[in-house]
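This briefing is meant for a reader who is meeting the structure for the first time. Please keep the sequence and the model in view while reading the points below.

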Amino acid sequence: MVIETTGLTFKFGSQTVVNSLSLQVPQGSIYGFLGPNGAGKTTTIKILLNLLQHQQGNIKIFGLDFATNRNKILSQIGSLIEQPAIYAHLTGRENLINRALLLQVNKSKVDQILELVQLTHAANKKAGNYSLGMKQRLGIGLALLADPKLLILDEPTNGLDPNGIIEIRELLKRLTREQGTTVFISSHLLAEVERMATHVGIINKGEMLFQGEIRSLETLSQPMLRIETNNTVDAANLLTRNGCLVQEVNDDHLTIAFTSKEDAGEVNALLNSNNILVYSIYKVQKDLENLFLSITQNQAV
Ligand SMILES: Nc1ncnc2c1ncn2[C@@H]1O[C@H](COP(=O)(O)OP(=O)(O)OP(=O)(O)O)[C@@H](O)[C@H]1O
């Protein structure tokens, strides 16, 4: 594990903002740290970057105890939280050179980074004139100068248009693929991370509600059988009498829990033999965004 926390707890006064959080971020993953606004994501990130001091729990990063190896650990983390610290009056290249000098990184690295974050064409433009997406990519470039093993990004796609989001997504995928960097990225929108994340952690009110591979999140959403008939009320009554769990009845369709395709066939036959016309019958699964909303709103999935 690159990041491993146990029982991480943080309070602002009497408000518990991070509650006994156990993070498990595997090596080489893109970990989507998800939760609605105010869930405690930024606070957690600030703790991991030593910008806030937690009151309880343990943190291990790169297998090392955080409390006793802070400097060593932090020197191998690149981060972007809130707005990137960019000098608007300097060009993109000058911003990178400036930071390279500060970090004592060889200046030859600057052109590599410009290439990586696809800003070579705009390297000599003033960063103040960059689009929001370009500024975010420059911010990520600055975070990558010292070749971090772990990149921590707090809502890097906030406010970006769809193209900007795609560019960041492609950049992060390239980073893990080509350089083996582990990426920890927070967002309040599942859609922004679902196409790149390998793992997700979903928090609400400071508590972890789901953590694991994104694939297992998909299997969490229970499949349903959606049936369109000429008489949904009669159909619902008939199915209930025959032991089916009817979940929803609308004017033109009803849904029941999906158990197997054989059962679906039998349901169809049952309806037909009782003079109910079945117009369509098919399996549906909650999409990830709805599943995310159900989890964070504490509804049954
Ligand atoms: N400096 C502070 N003092 C007191 N309370 C704070 C402070 N910073 C944050 N909080 C509170 O802590 C809670 C979690 O905030 P945090 O910024 O970590 O959430 P978040 O998940 O990052 O949300 P967002 O997506 O809105 O940034 C919120 O209720 C917030 O009001």
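The model is a predicted one, in which local features need pLDDT of at least 70 and side-chain atom pairs count only at pLDDT 80 or more, while totals for chains, interfaces and linings use all residues. Residues are numbered from 1 along each chain as its sequence is written.

**Helices α3 and α5**

- The axes of α3 (residues 92-103) and α5 (residues 132-144) come within 10 Å and cross at roughly 25 degrees, with axes being lines fitted to C-alpha atoms over the stretch in contact and angles running from 0 to 180 degrees between N-to-C directions.
- That angle makes α3 roughly parallel to α5, because angles under 35 degrees count as roughly parallel.
- α3 passes α5 in a right-handed crossing, meaning that the near helix is turned clockwise from the far one by less than a right angle.
- In this contact, which requires C-beta atoms, placed from the backbone, within 7 Å, G92, N95, L96 and R99 of α3 meet L138, G141 and L142 of α5.
- The residues of this contact divide into three nonpolar, three polar and one charged.

**Helices α5 and α6**

- The axes of α5 and α6 (residues 162-179) come within 9 Å and cross at roughly 20 degrees, which makes α5 roughly parallel to α6.
- The crossing of α5 past α6 is right-handed, and the contact is made by L132, G133, Q136, R137 and I140 of α5 with N163, G164, E167, I168 and L171 of α6.
- Four nonpolar, four polar and two charged residues make up this contact.

**Residue N290**

- N290 has its place in helix α11, residues 288-296.
- N290 counts as partly exposed because it has 14 C-beta neighbours inside 10 Å, between the limits of 20 or more for buried and 12 or fewer for exposed.
- The C-alpha atoms of N290 and T6, 284 residues apart along the chain, are separated by 29 Å.

Note on methods:
Helices (H or I, at least four residues) and strands (E, at least two) are DSSP runs, numbered from the N terminus. Angles under 35 degrees count as roughly parallel, over 145 as roughly antiparallel, 65 to 115 as roughly perpendicular and the rest as oblique. Two residues are in contact if their C-beta atoms, placed from the backbone, lie within 7 Å. Ala, Val, Leu, Ile, Met, Phe, Trp, Tyr, Cys and Pro count as nonpolar, Asp, Glu, Lys and Arg as charged, and the others, Gly among them, as polar.
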